[in-house]
Amino acid sequence: MNRIFSGMQPTRQLHLGNYLGALRNWVRLQHDYEAIFCVVDMHAITIDHDPEVLRSNIREVAAAYIAAGIDPEKNILFNQSAVAGHAELNWILACHTPLGWLNRMTQFKEKAGKQKDNAVLGLYAYPVLMAADILLYKATHVPVGEDQKQHLELARDIAGAFNRYYKREDYFPLPEPQILGEATRVMSLRDGTKKMSKSDESEYSRINLTDDADTIALKIRKAKTDPEPLPSVVEGLEGRAEAANLVTIYGALSDQTKAQVLADYGGQQFSAFKGALADLAVAKLSPIAGEMNRLLGDRAELDRILQKGAERAGAIAEKTVNEVKDIVGLVRF
Ligand code: AMP
Ligand code: TRP
């Protein structure tokens with residue numbers, strides 16, 4: 001049986017990178033798999049946060065999933081902290097994860113910065129909790145953006161280590177990453193060598209899913225480019241990171257390859273292309289923002305969906321935790 005698990009952190013607002021690299025793929029995959037989509041709120045407290053803001057972000061991310069087209073009846077949609085099994089399996093897997101594996105994680109190095117000794121244990125252990133998220137449901141496929149590739153390799157290694165240690169070769173399936181589409185790594189609008197990220201201090205670096213039409217158009221107009229017109233073939237984008245990023249975004253939003261986009265816009269100036277890109281982005285994102293607002297206006301309904309999701313996820317999780325406790329040698333009653 002194939003089962004998808006994926007999640008996003010409720011830190012700040014979701015942006016175009018989250019949408020094109022992950023969320024949109026989930027919407028497409030939900031018809032072919034049994035799927036579990038999680039708001040990973042326990043991951044969100046590995047960095048500085050404000051409790052009130054976190055609470056509202058959790059509901060906002062849940063609303064974004066639904067607004068983008070995730071069906072909460074067909075799929076399971078819930079927030080991580082509502083299912084205790086994530087924390088339980090996290091501990092057990094932590095006891096099977098060599099420190100050397102965690103020392104290789106590039107995201108920790110980036111997020112911890114220079115003051116490593118002040119970084120918290122949770123940030124360091126972040127990828128173990130992510131492995132627990134996936135393995136708790138014995139998920140076989142994990143649709144994510146490219147930046148999560150290393151974490152997923154670690155999840156596979158941890159699953160393999162557990163299976164081997166207890167001589168249960170196929171207990172945990174080794175989860176496959178699904179890094180899909182044209183825009184697996186959307187870059188900052190201000191710097192084509194940095195990924196678009198929630199934590200970038202410049203608001204102009206990213207397009208948020210909730211930005212209004214004027215804001216989207218303004219951010220695209222201000223996006224960094226170079227003085228040359230657009231090339232007519234993909235090879236012409238080499239060494240032009242900002243141009244490549246805008247063409248990639250246009251292609252992803254219009255379901256075209258970069259070559260098709262350049263066939264239409266090659267030779268044109270950025271001013272014309274940016275206008276077309278802004279119109280396209282507004283057409284694709286505005287309905288999502290509108291639906292998010294509607295959903296956030298009925299908090300009781302949103303909470304009902306999350307609670308029901310947590311019950312369904314909890315039933316699967318409980319079974320795995322019990323099996324794992326038996327395998328490990330813990331006594332339960
Ligand atoms: P996060 O915001 O870190 O919780 O990421 C949620 C999902 O969005 C993950 O699958 C990421 O890989 C994906 N993602 C985040 N930023 C980008 C980006 N700039 N381009 C493509 N995918 C991204
Ligand atoms: N680490 C992921 C990110 O930042 C979020 C995440 C947590 C996740 N647990 C997961 C993604 C399990 C996929 C599966 O994007």
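How many aromatic pairs does the count come to? The count comes to 13. Rings of Phe, Tyr and Trp (its six-membered ring) pair if their centres lie within 6.5 Å.

## Basis of the model

This is a predicted model, where local features need pLDDT of at least 70, side-chain atom pairs count only at pLDDT 80 or more, and totals for chains, interfaces and linings use all residues. Residues are numbered from 1 along each chain as its sequence is written, chains are lettered from A and ligands numbered from 1 in the order in which they are written, and side-chain values use heavy atoms, with hydrogens and water left out.

## Aromatic pairs

A pair of aromatic rings is described by the distance of the centres and the angle of the planes. Planes under 30 degrees apart count as stacked, over 60 as edge-to-face and the rest as tilted. Take phenylalanine 5 and tyrosine 137. Their ring centres are 5.4 Å apart and their planes stand at 10°, so this pair is stacked. Phenylalanine 5 belongs to strand S1 (residues 3-8), while tyrosine 137 sits in the loop between helix H7 (121-136) and strand S4 (141-143), so the pair ties together parts that are 132 residues apart in sequence. Helices (H or I, at least four residues) and strands (E, at least two) are DSSP runs, numbered from the N terminus. Phenylalanine 5 is buried, at 3% relative accessible area. Tyrosine 137 is buried too, at 0%. Buried means under 20% relative accessible area (1.4 Å probe, protein chains only).

Phenylalanine 162 and tyrosine 171 form a tilted pair, with 6.2 Å from centre to centre and 40° between the planes. Both residues are buried. Ring pairs also join Phe162, Tyr165, Tyr166, Tyr171 and Phe172 into a cluster.

## A charge over a ring

Lysine 222 lies over the face of tyrosine 204, at 5.4 Å from the ring centre. The rule asks for NZ of Lys or CZ of Arg within 6 Å of the ring centre and within 35 degrees of the ring normal.

## Around ligand 1

Ligand 1 is surrounded by 16 residues. Each has a heavy atom within 4 Å of the ligand. The closest are Gln9, Gly145, Asp147, Val186 and Lys198. Helix H1 (residues 16-29) gives the most to this shell, with four residues. By class, the shell has five nonpolar, eight polar and three charged residues.

Polar contacts are pairs of N or O atoms within 3.5 Å. An oxygen atom of ligand 1 is 2.4 Å from a side-chain N or O atom of aspartate 147. A polar backbone atom of glutamine 9 is 2.9 Å from an oxygen atom of the ligand. Valine 186 has a backbone N or O atom 2.8 Å from a nitrogen atom of ligand 1. Taken alone, ligand 1 exposes 480 Å², and the protein buries 93% of that. Such areas come from the Shrake-Rupley method with a 1.4 Å probe.

## Around ligand 2

Which residues come nearest to ligand 2? Of the 13 around it, they are Gln9, Tyr126, Met130, Asp133 and Gln148. The side chain of glutamine 9 has a polar atom 3.0 Å from an oxygen atom of ligand 2. Tyrosine 126 places a polar side-chain atom 2.7 Å from a nitrogen atom of the ligand. For aspartate 133, a polar side-chain atom is 2.6 Å from a nitrogen atom of ligand 2.

Taken alone, ligand 2 exposes 370 Å², of which the protein buries 91%. S1 and H7 are the elements that give two or more residues to this shell. H7 gives the most, with four. By class, the shell has seven nonpolar, five polar and one charged residues.

Key:
A polar contact is a pair of N or O atoms within 3.5 Å; within protein, one must be able to donate a hydrogen and the other to accept it, and residues adjacent in sequence count only if both atoms are side-chain atoms. Ala, Val, Leu, Ile, Met, Phe, Trp, Tyr, Cys and Pro count as nonpolar, Asp, Glu, Lys and Arg as charged, and the others, Gly among them, as polar. Buried means under 20% relative accessible area, exposed over 50%, partly exposed in between (1.4 Å probe, protein chains only).
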